[in-house]
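Visitor: Hi, could you walk me through this one? I'd like to go topic by topic.
Guide: Happy to, let's bring it up.

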Amino acid sequence: MEQLMKNIDEQNLLIGDYQTMIKIIQASLQRGAIQANECETVGRLYNKLTFMIEKQNKENENARLSETNN
């Protein structure tokens, strides 16, 4: 059971994973690996990843503020 839980935890995306995906998108665009007709789809994904990072950062900040207020 412990190994199963560890395997499940390893499958979860962390904030660092989102940041890595953003870097991959940026590098791909810089190198011309993404075609013009793919830019809208890639842009939507980029925006979602950025939103998730911002959301997580705000949640972390709120948690820190909550801890100091108690």
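**Helix packing, salt bridges and surface**

Guide: H2 and H3 are roughly antiparallel to each other. Keep in mind that this is a predicted model.

Visitor: Which residues do H2 and H3 cover, and at what angle do they pack?

Guide: Helix H2 spans residues 15–30 and helix H3 spans residues 39–69. They pack at an angle of about 150°, with their axes 10 Å apart. Angles over 145 degrees count as roughly antiparallel, which is why H2 and H3 get that description.

Visitor: And is the crossing of H2 and H3 left-handed or right-handed?

Guide: The crossing of H2 and H3 is left-handed.

Visitor: What about the loop between H2 and H3, is isoleucine 34 buried or exposed there?

Guide: Isoleucine 34, which sits in that loop between H2 and H3, is buried, with a relative accessible area of 17%. Buried means under 20%, so isoleucine 34 falls on that side of the cut-off.

Visitor: How far apart are the C-alpha atoms of isoleucine 34 and leucine 14?

Guide: The separation between the C-alpha atoms of isoleucine 34 and leucine 14 is 25 Å, and the two residues are 20 residues apart along the chain.

Visitor: Changing topic: how many salt bridges are in the whole structure?

Guide: A search of the whole structure turns up two salt bridges. In one of them, arginine 44 pairs with glutamate 40, at 3.1 Å from N to O. In another, arginine 64 pairs with glutamate 61, with the closest N and O atoms 3.0 Å apart.

Visitor: Why would such side chains pair?

Guide: Side chains of opposite charge can pair when their charged atoms come close.

Visitor: Where is lysine 58, and how far is it from threonine 20?

Guide: Lysine 58 is in helix H3, and it is exposed, with a relative accessible area of 58%. Lysine 58 and threonine 20 are 38 residues apart in sequence, with 19 Å between their C-alpha atoms.

Visitor: Last one: which residues form the nonpolar patch on the surface?

Guide: That patch is made of Met1, Leu4, Met5 and Ile8, which together have about 430 Å² of accessible area. Isoleucine 8 belongs to helix H1, residues 2–11, and is partly exposed, with a relative accessible area of 41%.

Methods: Residues are numbered from 1 along each chain as its sequence is written. This is a predicted model: local features need pLDDT of at least 70, side-chain atom pairs count only at pLDDT 80 or more; totals for chains, interfaces and linings use all residues. Side-chain values use heavy atoms; hydrogens and water are left out. Patches are made of residues with over 30% relative accessible area and no salt bridge: like charges are joined within 9 Å, nonpolar side chains (Val, Leu, Ile, Met, Phe, Trp, Tyr) within 5 Å. Accessible areas come from the Shrake-Rupley method with a 1.4 Å probe; for residues, only the protein chains shown count as cover. A salt bridge is a side-chain nitrogen of Lys or Arg within 4 Å of a carboxyl oxygen of Asp or Glu. Helices (H or I, at least four residues) and strands (E, at least two) are DSSP runs, numbered from the N terminus. Buried means under 20% relative accessible area, exposed over 50%, partly exposed in between (1.4 Å probe, protein chains only). Axes are lines fitted to C-alpha atoms, for helices over the stretch in contact, and angles run from 0 to 180 degrees between N-to-C directions. Angles under 35 degrees count as roughly parallel, over 145 as roughly antiparallel, 65 to 115 as roughly perpendicular and the rest as oblique. A crossing is left-handed if the near helix is turned anticlockwise from the far one by less than a right angle, and right-handed if clockwise.
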